[in-house]
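I opened my notebook to look over one protein chain, a step at a time. Here is what I looked up, in the order I did it.

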Amino acid sequence: MQRPGIREEVLEDLQILGGLIGVAANHTDAGRRYGFDSMFEEFRRTMVRELDFKREARNLERIRDHPSDYPLLFVPSPIQDYSSSRVLTMER
């Protein structure tokens with residue numbers, strides 16, 4: 001279960017960090033050379049996706065059968081009826 005208010009907190013933090021990254025990307029040689037702004041945009045998209053537990057449930061379903069070469073690795077199945085965008089319930 002997502003901690004109450006965490007989505008808003010993460011989005012606010014990303015906005016603040018994005019401003020700082022923008023300054024570094026536009027006003028430093030390293031920021032321009034390494035493309036801080038594009039790196040941060042990918043990081044921001046990933047963080048926002050991580051907040052959607054329905055997406056995480058779909059990812060679990062996609063990778064569940066892939067580790068067949070690793071018999072000790074167990075990927076739990078999500079329980080869709082008890083999951084939502086803010087709650088992820090998985091088998092134990």
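**Entry 1: the elements.** Before reading the order of elements, I noted what counts as one: helices are DSSP runs of H or I with at least four residues, strands are runs of E with at least two, and both are numbered from the N terminus. I also wrote down that this is a predicted model. I then found four helices and zero strands in the protein chain. Going from the N terminus on, the elements read α-α-α-α.

**Entry 2: the overall shape.** I asked myself whether the chain is a compact globule or more spread out. The radius of gyration is 18 Å, well over the 12 Å that the globule rule gives for 92 residues, so the chain is more spread out than a compact globule. Along the principal axes, I read spans of about 50 × 35 × 15 Å for the C-alpha trace.

**Entry 3: surface and burial.** I looked up how much is tucked away, and buried residues make up 22% of the 92 residues. The accessible surface comes to about 7,100 Å², and carbon and sulfur atoms hold 56% of that.

**Entry 4: charges.** I found 14 positive and 16 negative side chains, with the centres of the two sets 2 Å apart.

**Entry 5: the core.** Which residues make up the largest nonpolar core? I listed six: Ile 6, Val 10, Leu 14, Ile 21, Phe 40 and Leu 51. Helix α1 (residues 6-27) gives the largest share of this core, four residues. A handy reminder for me: in soluble globular proteins, nonpolar side chains tend to be buried together.

**Entry 6: Pro 78.** I next picked Pro 78, which lies in the segment after α4 (53-63). Is Pro 78 buried or exposed? Its relative accessibility is 9%, and buried means under 20%, so Pro 78 counts as buried. Setting aside residues up to four places away in sequence, Pro 78 touches Ala 57, Leu 60, Glu 61, Arg 64, Leu 88, Thr 89 and Met 90. One of these, Ala 57, is 21 residues away along the chain, yet the two C-alpha atoms are separated by 5.6 Å.

**Entry 7: Ser 85.** I also checked Ser 85, another residue in the segment after α4. With 36% relative accessibility, Ser 85 counts as partly exposed. Apart from neighbours within four places in sequence, Ser 85 is in contact with Gln 2, Leu 51, Asp 52, Phe 53 and Lys 54. Leu 51 was already in my notes, as one of the core residues. From Ser 85 to Met 1 I read 84 residues in sequence and 9.3 Å in space, C-alpha to C-alpha.

Methods:
Residues are numbered from 1 along each chain as its sequence is written. This is a predicted model: local features need pLDDT of at least 70, side-chain atom pairs count only at pLDDT 80 or more; totals for chains, interfaces and linings use all residues. Side-chain values use heavy atoms; hydrogens and water are left out. The radius of gyration is taken over C-alpha atoms; the globule rule is 2.2 Å times the number of residues to the power 0.38. Buried means under 20% relative accessible area, exposed over 50%, partly exposed in between (1.4 Å probe, protein chains only). Accessible areas come from the Shrake-Rupley method with a 1.4 Å probe; for residues, only the protein chains shown count as cover. Lys and Arg count as positive and Asp and Glu as negative; His and the chain ends are not counted. The place of a charge is taken as NZ of Lys, CZ of Arg, CG of Asp or CD of Glu. Contact means heavy atoms within 4.5 Å. A nonpolar core is a set of buried Ala, Val, Leu, Ile, Met, Phe, Trp, Tyr and Cys residues joined through side-chain atoms within 4.5 Å.
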